[in-house]
Every structure is written in C-alpha cells, then in structure tokens.
Amino acid sequence: MKILSVNAGSSSLKFSAFEMPEEKKLISGYFQRIGIGKSFYTLKVNGEKKEVYVEMQNHTDAFKILIQELIDNHIVSDLNEIKGIGHRVVHGGEFFKNSVVVDEDVINKISDLSALAPLHNPAAVIGIRAALEVFPNATQTVVFDTSFHQTMEKENYLYALPMSWYRDYKVRRYGAHGTSHKYITERMEEILGKKDTKLIICHIGSGASISAIENGKCINTSMGFTPNAGLIMGTRCGDIDASIIPYMMKEAKITPEEMDSIINKESGVLAISEQYSDMRDIYDNVKLNEEKSTLALNMFVRRIVDYIAKYYFQLKGCDAIIFTAGVGENGAFERKKVVEQLEFLGVHLNAPFNEQIASYHEIHEGKITTDDSTIAVYVVPTDEEIMIARDTFAFIK
C-alpha cells in the first residue's frame, strides 16, 4: 500500500512516499517558493537527486506536479494507488490527543488554533485542502506535533497564571516536535530492548526541544505555549524573564507584532553572535576564536545541560540521553561540549566514535559514551515522515 507523508508550509511542501507496511521510502521531494515567484522543487528517487524550476501559483499546482512525478518515476500508474495521505500539523491544542482522519470539523479546529501557531497551522490547512482536491479518494489523516505531549500532568503543563487564562484561552504548555520525540522513544525501546525506559530526548536543530520520557510517555517538555520556550535556538530566545517584554515595548516603543517578530526571528544564537543563526557558522567561527560566536555556543550548550539536569532529577535517573535532529545528529562538537558538562554524573564521551557519527556519514546511529558511563548517550536520526505514514496506514487498516 502506498502512503504519502506531507508537511505543508506557507510557501512550501515536503513529501515522502512509502510502501507500507514495509516502510520502504520510494521517493521524496521538496517544493519551494510556492506562490511567491521563482518556485522550484527537488526530488530524490533511487539515490538520485534532481532540481526543477517551474512556476507554482498554489499548493494545488504543487500536488499536481507531485502526481506527475510519481507517474513518471513509475511509483504509481494511477493516482488512486495512493491510498492514504498523512499531514503534519504543528498545533492540535487540547482538541487532539492523537492523530485523526480529516473531516471538515478537524480542518476548522486546526484553523481555530492558528493563533497558537500562526506560521504553521494556516499553511497546513492550505495543504490539506489542496490534497483533498487532488486526491479525493485517498484517506487523509492529520498527525499533530503537540499530541505526544498530551500525557503531561497538570503540574507540568500549567503556568502559574490566572486559572481563567487556561479555562477561557487555553494558555498552557503544549510542547512541539512531538512526532520526532515519539519516533525516538519507539526507536530507543528497540535499541534498549525494553518498554520501561527513562529517556531524555534532545531534538536539537534550528528549533530545539528536550523531553523527559517515562515508560513511553512524555512527562515534561521544554517548549511551551508556543515553540518559543525552553532552549536557546537559531532565532528564538527560549526562556526569558517575561517582564523584559513590556519593559522593552515601553522603552523602545515596540508594537506587539514587532516584539513577536524579535523574540522569534531576531533572537537566540543570531542575537548573541550578531551575525549567525546556523550552528555550522557558529562552529566555524569558534575555531577562529571569535568571541561572540564562542559566547553563543556556550550559552546554547548551557541551556541544553540545564534542561538535561532538570529532567534527570524529575525522572529520578535515566537510561539514556539521545541527540537527534540537524545539530543533534551532525554536530559532533556541540555534542562533545554537552557531554563534557555531564561528567559529574559519570558520563564519559567516546570521542573517536562521536566524531565518526553523522547523518551524512556511513555511521549515523549509535552510542557515543564509553561502556563504563553511568548514563548512555546515543545519536539517533529522527524520522517524522515514517511516523506520519505509520499512523495513516493504521487508520486505513
């Protein structure tokens, strides 16, 4: 059975096609600059990549091209061979504790939650409607990044704010990257050979979050009401004193819209280094002893260590700490800096293996600590797309 996993952005569309239940990836692609001119897409099939420049006015255009590429590359001979399409949606609020089959009520609720994920939920609705138009006979599902974190207790998801804010406006911790955290949880249960695990999962990319997992369930996570909470990220500030915001709005005459942009797009590592939001650029400049980049890296690492320590005590110990996502999978230097600060817990880096492991190396998964370490630290590549395909296949079955 052929399943599509889809992740729609406001001007982009990522997809992968899988043969299920074998979980064989058949083709993947990324449509960019949809509706804003100079649009193009990249495809990867049979180990080969190609890039095509073609104007796409909307997401429906992108889906139509997707169909043609599926046919031209002999993935399908007819679009009805695509039995299911799973859509990634960032925010499900308290409406959705699990993945769901798409209907008009689901679409409306996703739309209603747009204020909580203004960059993501509206784009997802556009993608879902376009897919319904182009694939009317396929079962369409939605997988929410917030669902996995719905197992948190109130003491972990509520804020110390007026309870009416929670009752009337649903202000609480929701978390994000849940699909990734769920995948890593299941993969680590396979690696460790048991279900009763205590895990600290570090999803470290441009956006970053850490979760505490006990017996397969999330008990706490670093992102909050929005993805701008917890860790220092590429352009997001993470945890700050909330009083800074009204103070600076008054002193610098900043509007709410401008402040929202500043804390999400002009802060984080970019703000500290005053030049770079990508940790690869930061690392290159740290090697040159550039002061601001070194400060940015140290602050970035410090916040990660702080959350690992916090969750270690909340879990009362842990079986493994896991790095995943872009920086987590490929940033050997960043991983080294974090693990070195965990030595007081008896965690010792296997430095040669840490240097060998990356998503673009032959070795892309494994343990990067010595056998005598009290806590094992792993690098495990995440795969949100296969999680979406699994849920969609389960609904169809």
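Biologist: Which residues does Ser-147 touch?

Modeller: Ser-147 touches Phe-96, Lys-97 and Asn-98, not counting residues up to four places away in sequence. Contact here means heavy atoms within 4.5 Å. This is a predicted model, in which local features need pLDDT of at least 70 and side-chain atom pairs count only at pLDDT 80 or more, while totals for chains, interfaces and linings use all residues. Residues are numbered from 1 along each chain as its sequence is written, and side-chain values use heavy atoms, with hydrogens and water left out.

Biologist: Where is Ser-147, and is Ser-147 buried or exposed?

Modeller: Ser-147 is in the loop between strand 8 (139–144) and helix 4 (154–157). Helices (H or I, at least four residues) and strands (E, at least two) are DSSP runs, numbered from the N terminus. Ser-147 counts as buried because its relative accessibility is 10%. Buried means under 20% relative accessible area, exposed over 50%, and partly exposed in between, with a 1.4 Å probe and protein chains only.

Biologist: What about Lys-109: what is in contact with that residue?

Modeller: Phe-95 and Phe-96 are in contact with Lys-109, leaving aside neighbours within four places in sequence. Lys-109 itself is in helix 2 (residues 104–112).

Biologist: How far is Lys-109 from Met-249?

Modeller: They are 140 residues apart in sequence and 32 Å apart in space, C-alpha to C-alpha.

Biologist: Changing topic: how do helix 6 and helix 15 cross?

Modeller: The axes of helix 6 (residues 178–192) and helix 15 (residues 384–396) come within 9 Å and cross at roughly 85°. That makes helix 6 roughly perpendicular to helix 15. Axes are lines fitted to C-alpha atoms, for helices over the stretch in contact, and angles run from 0 to 180 degrees between N-to-C directions. Angles under 35 degrees count as roughly parallel, over 145 as roughly antiparallel, 65 to 115 as roughly perpendicular and the rest as oblique.

Biologist: Which residues make the contact?

Modeller: Helix 6 contributes Thr-179, Ser-180, Lys-182, Tyr-183 and Glu-186, and helix 15 contributes Glu-384, Ile-386, Met-387, Arg-390 and Asp-391. By type there are 3 nonpolar, 2 polar and 5 charged residues. Ala, Val, Leu, Ile, Met, Phe, Trp, Tyr, Cys and Pro count as nonpolar, Asp, Glu, Lys and Arg as charged, and the others, Gly among them, as polar.

Biologist: Which residues of helix 13 are buried?

Modeller: In helix 13 (residues 332–340), these are Ala-332, Glu-334, Arg-335, Val-338 and Val-339. They are on the same side of helix 13 because they cover an arc of only 160° around the axis. The arc is that of the directions from the helix axis to the C-beta atoms. The elements they pack against include helix 10 (279–286), helix 11 (291–315) and strand 12 (320–324).

Biologist: Now the largest nonpolar core: which residues touch the most other members?

Modeller: Of its 44 residues, these are Ile-200, Ile-204, Ile-210, Ile-308, Ile-321 and Phe-323. Helix 11 gives the largest share, 10 residues. A nonpolar core is a set of buried Ala, Val, Leu, Ile, Met, Phe, Trp, Tyr and Cys residues joined through side-chain atoms within 4.5 Å. A second, separate core of 29 residues includes Val-6, Leu-13, Met-56 and Ala-62.

Biologist: What is in contact with Ile-204?

Modeller: Beyond its neighbours within four places in sequence, the contacts of Ile-204 include Leu-231, Phe-300, Ile-304, Phe-323 and Ala-325.

Biologist: What is the phi of Ala-325?

Modeller: Ala-325 has a positive phi of about 75° although it is not a glycine. Most residues other than glycine have a negative phi, and most peptide bonds are trans. Ala-325 lies in helix 12 and, at 7% relative accessibility, counts as buried.

Biologist: Which residues does a cis peptide bond join?

Modeller: Met-20 and Pro-21 are joined by a cis peptide bond, with omega about 10°. Pro-21 is in the loop between strand 2 (12–19) and strand 3 (24–32).
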